[in-house]
Amino acid sequence: MLCKAASLLPTVFVILTDNLDLCQLKQYQNSKRISLYLSTKDEIDTLPILKHIFDMEKEAFVPQYHGKTMEMVKLKSMEDYETLPLTKWNIKQPSITENQENALKTGGLDLVILPGVAFTVNGKRLGHGMGYYDKYLKRCFQKNIKPYLIAVGFKEQIQEDVPVNENDVPVDIVLTG
């Protein structure tokens, strides 16, 4: 998993490899409100990260998709996670019929952990093609909320370059595991 001590150079974008620890990042340690994607079988397993967020008594927010919009809504506990229904893509997601705390309406986020298809060492991220995270982050920025952005993936997902356009938001750091 993403867990061993690491020293970071003071650069804007850094690639951490060889299973370095998300938990050692001061940005993670100092964050109270964290958004985390719920992984599929083909992605870095984010369940241990979710458990750690709850163990550290931080607030966890996860994606809730409705049409072309994504919101980040609060999960209260691992028990809350276990009861989430599966989408047609076999991903756990909070139901849109339940009234859950929306991060943008209640103080924003300190940190966002993002998925992706491919990444570069300078923070470019190729998502899954729908622009959910880029649109969501632009809404954050419009409200003067600038969370620290961490992409997580496998070493094989690091590329020399990936196609991006003016709508794509670069990440602050990419962690590989």
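**Close-up views of a predicted model**

View 1. Gln157 is placed in the loop between strand 8 and strand 9 (173-176), and because its relative accessible area is 15%, below the 20% limit, Gln157 counts as buried. When neighbours within four places in sequence are left aside, the contacts of Gln157 are with Gly116, Val117, Ala118 and Phe119.

View 2. Strand 8 is mostly covered, with 6 of its 6 residues buried. Tyr148, Ile150 and Val152 point one way from strand 8, whereas Leu149, Ala151 and Gly153 point the other way. In a regular strand, side chains alternate between the two faces of the sheet. Strand 5 and strand 8 run parallel and are joined by 4 bridges, and among the paired residues Val112 has Leu149 of strand 8 as its bridge partner. Strand 8 also pairs with strand 9 in the parallel sense, again over 4 bridges; here Ala151 stands opposite Val174 of strand 9, while Gly153 has Thr176 of strand 9 as its bridge partner. From strand 9, Ile173 and Leu175 point one way and Val174 and Thr176 the other way, and all of these residues are buried.

**View 3. Helix 4 and the strands it packs against.** Helix 4 spans residues 132-142, and its buried residues are Tyr132, Tyr133, Asp134, Tyr136, Leu137 and Cys140. An α-helix has 3.6 residues a turn, so residues three or four places apart point the same way. The buried residues of helix 4 pack against strand 3 (59-66), strand 4 (69-75), strand 5 (111-114), strand 7 (125-126) and strand 8 (148-153). Just after helix 4, Asn144 adopts a positive phi of about 60 degrees.

**View 4. The annotated segment and the largest pocket.** An unreviewed UniProt entry lists Arg125, Leu126, Gly127, His128, Gly129, Met130, Gly131, Tyr132 and Tyr133 under "binding site". From this set, Arg125, Leu126, Gly127, His128, Gly129, Met130, Gly131, Tyr132 and Tyr133 belong to the lining of the largest pocket. Gly131 lies in the loop between strand 7 and helix 4, and because its relative accessibility of 25% falls between the limits of 20% and 50%, Gly131 counts as partly exposed. Tyr133, by contrast, is found in helix 4 and counts as buried, because its relative accessibility is 4%. Apart from neighbours within four places in sequence, Tyr133 is in contact with Tyr37, Pro63, Tyr65, Met70, Met72, Val112, Ile113, Leu114, Pro115 and Arg125. One of these contacts, Arg125, is itself listed in the UniProt entry.

**View 5. The protein as a whole, for orientation.** The protein has 4 helices and 9 strands, which follow one another along the sequence in the pattern β-α-β-α-β-β-α-β-β-β-α-β-β. Of the 177 residues, 48% are buried. Among contacts with a separation of 6 or more, 65% join residues 24 or more positions apart. The accessible surface comes to about 9600 Å², and 52% of this area belongs to carbon and sulfur atoms.

Definitions and conventions. Residues numbered from 1 in each chain as written. Predicted model: local features only at pLDDT ≥ 70, side-chain atom pairs only at ≥ 80, totals over all residues. Heavy atoms only, no water. Buried < 20%, exposed > 50% of the residue type's maximum accessible area, 1.4 Å probe, protein only. Helix = DSSP H or I, 4+ residues; strand = E, 2+ residues; numbered from the N terminus. Contact = heavy atoms within 4.5 Å. UniProt positions renumbered as here; feature names shortened; annotations may be inferred. 1 Å grid on protein atoms, 1.4 Å probe; cavity = no way out; pocket = protein on both sides within 12 Å on 5 of 7 lines; lining within 4 Å. Areas by Shrake-Rupley, 256 points an atom, 1.4 Å probe, with all protein chains shown as cover. Pairing = 2+ DSSP bridges.
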